[in-house]
Amino acid sequence: MVTSTTSPQLDSGRGRDPERAPRRVGFSQTLGRWDVKVSPYLYISPFFVLFALTGLFPLVYTAYVSVHDWNLIGGKGDFVGFENYLFVLQEPNFWKGLRNTFSIFLISTVPQLIIAIVLAALLDANLRARTFWRMGVLLPYVVAPVAVSLIFGKLFADKSGLINTVLGYIGIDPIGWHAQILPSHIAIATMVDFRWTGYNTLILLAAMQAIPKDLYEAAVLDGATRVRQFFSVTIPMLRPTIIFVVITSTIGGLQIFDEPRLFDQTGQGGPSRQWMTATMYIYELGWGNQKSFGRASAVAWILFLIIIVIAMINFTATRKISSETSATKKRKKVSR
């Protein structure tokens, strides 16, 4: 009979290994994990820090000032709630400024967009010295707004202006550019278009150069003329960029200040406030006779809410246009 000579120590060794002690994670490994998780947020943090300091904080602080009786000289006063807003909404000058702001914005934005698209199409063609012309359209943007306003203020002078002199040669009576509402808006809109048309032209030009050339080659094979290519290929492909330009022009147009402020020597927006904008009214409340920062902040917040509403309308229209475009493309694919 064979007996087992295996000792209990060997039997225990052949069984399950004893539990190992947990391995300690080194500091370098922990630092590596944190680097993977935290470093992306650190890379984008400068933008959010700058936005919080220059955008979010002034916005919140303006809302705080708007509900207080805050004077330029006396400083912070009592909490008044929405009293500043009610005062502003009952002021005729506020509604005049809002009317003038929207009028100048509409008169300047529509021609500006049309001229910018046409200039971008011309600069995208095979021209001699294209770089020179592309730099040339940006020169008005570089000129200081003060210089532009002073020059155009002299051009649109009521008595001795060059515009009225030229109109007199063709038998048209002099126009009161500084006395009437619509002529003053047209003159200020001309200054805005002079400064910003070249800037928008380069944005649209960059979008035109990104359009695939295959689309134009296919249009040529189908017998499309240059005009047909422009309206059937260029404009549909520029739709997102056009919407972007419209949104940025809306935000800038509702905040216009330099051109109407410097249109005359007094800077009051005309004797009857016929071209005073909303931002000029903010300046008048805060640094004029009233010196009320609370009321000026209330106007600023009302203007901010109006811009938000218009931006939401533009966003809704953008989504609708994009959805209609995608639906049209799907129908064409199905028909093919």
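## Around Tyr-281

Skip the neighbours within four places in sequence, and Tyr-281 is in contact with Val-88, Glu-91, Asn-93, Phe-94, Met-276 and Val-299. Contact here means heavy atoms within 4.5 Å. Keep in mind that this is a predicted model, where local features need pLDDT of at least 70 and side-chain atom pairs count only at pLDDT 80 or more, while totals for chains, interfaces and linings use all residues. Residues are numbered from 1 along each chain as its sequence is written, and side-chain values use heavy atoms, with hydrogens and water left out.

## The largest nonpolar core

Tyr-281 also turns up in the largest nonpolar core, which has 21 residues. Such a core is a set of buried Ala, Val, Leu, Ile, Met, Phe, Trp, Tyr and Cys residues joined through side-chain atoms within 4.5 Å. Buried means under 20% relative accessible area, exposed is over 50%, and partly exposed sits in between (1.4 Å probe, protein chains only). The members that touch the most others are Tyr-85, Val-88, Phe-94, Tyr-281, Leu-285, Val-299 and Ile-302.

Helices H3 (83-89), H4 (92-124), H14 (278-287) and H15 (293-335) are the elements that give two or more residues to this core. H15 gives the most, with 9 residues. Helices (H or I, at least four residues) and strands (E, at least two) are DSSP runs, numbered from the N terminus.

## Two salt bridges

A salt bridge is a side-chain nitrogen of Lys or Arg within 4 Å of a carboxyl oxygen of Asp or Glu, and the count comes to 2. In one, Arg-195 pairs with Glu-259, with the closest N and O atoms 3.3 Å apart. This pair links distant parts of the chain, 64 residues apart: Arg-195 is in helix H9 (residues 181-209) and Glu-259 in helix H13 (residues 258-261). Arg-195 is buried at 9% relative accessible area, and Glu-259 is buried too, at 5%.

Glu-284 and Arg-273 also meet in a salt bridge, at 3.4 Å from N to O. Glu-284 lies in H14 and Arg-273 in the loop between H13 and H14, so the pair ties together parts 11 residues apart in sequence. Glu-284 is partly exposed at 23%, whereas Arg-273 is buried at 17%.

## A nonpolar patch on the surface

Tyr-41, Leu-42, Tyr-43, Ile-44, Phe-47, Phe-48, Phe-51, Leu-56 and Val-60 form a nonpolar surface patch, with about 1000 Å² of accessible area together. Patches are made of residues with over 30% relative accessible area and no salt bridge; like charges are joined within 9 Å, and nonpolar side chains (Val, Leu, Ile, Met, Phe, Trp, Tyr) within 5 Å. Accessible areas come from the Shrake-Rupley method with a 1.4 Å probe, and for residues only the protein chains shown count as cover.
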